[in-house]
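Please examine the sequence and the three-dimensional structure shown here.

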Amino acid sequence: MEMYEQWLQEARNAGLKVIENIPFESDAKGLICGDCIGLSNKIPTSSEKTCILVEEIGHYHTGVGNILDLSSEQNRKQETHGRLWAYDKLIGLSGIIKGHHARCHSSHELAEFLGVTESFLHEALNYYHHKYGIYVKNGLYTIIFEPSLAVVESIK
């Protein structure tokens, strides 16, 4: 099953209804209202559609109320919470390690392996770098963010 289809099922399991191909008048690619997620008809790839869907599911799990007005500090924070939830669900430190095991040697390969867009991956890696610093240990692995992404496995 394709990743997008898995997340559609996840949305259904959470009691959410997903309506696809909505011709939004704004530049929005996804919105959630109550238990209904709307996805734009202007999403070009399956991986982008997955990223947007998962972020909207993240808003369902982490947000409260209408956050369309991003001039509000509180709304911007809630927007960020949904995005961070999506980073952790679609990538996470474990995804970076799995990409290492799959021998992904570029951000393009890693994004493709994880089923996300390169821009989504770069945003997530920037967030993890900000959160953890230059590197983070995860079990037997050290994930290094600077000067470029690398995973080092400790000898057992």
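K49 is located in helix 2, residues 46-62; helices (H or I, at least four residues) and strands (E, at least two) are DSSP runs, numbered from the N terminus. This is a predicted model, in which local features need pLDDT of at least 70 and side-chain atom pairs count only at pLDDT 80 or more, while totals for chains, interfaces and linings use all residues. Residues are numbered from 1 along each chain as its sequence is written, and side-chain values use heavy atoms, with hydrogens and water left out.

K49 has a relative accessible area of 18% and is therefore buried (under 20% relative accessible area, with a 1.4 Å probe and protein chains only). Not counting residues up to four places away in sequence, K49 touches Y4, E20, L39 and I43; contact means heavy atoms within 4.5 Å.

Leaving aside neighbours within four places in sequence, V116 is in contact with S47, C51, L90, I91, A111 and L121.

The whole structure holds five aromatic pairs (rings of Phe, Tyr and Trp, the last by its six-membered ring, with centres within 6.5 Å; planes under 30 degrees apart are stacked, over 60 edge-to-face and the rest tilted). Y87 and F120 form an edge-to-face pair, 5.1 Å centre to centre with 70° between the planes. Because Y87 lies in helix 3 and F120 in helix 6, this pair ties together parts that are 33 residues apart in sequence.

Definitions and conventions: Buried means under 20% relative accessible area, exposed over 50%, partly exposed in between (1.4 Å probe, protein chains only).
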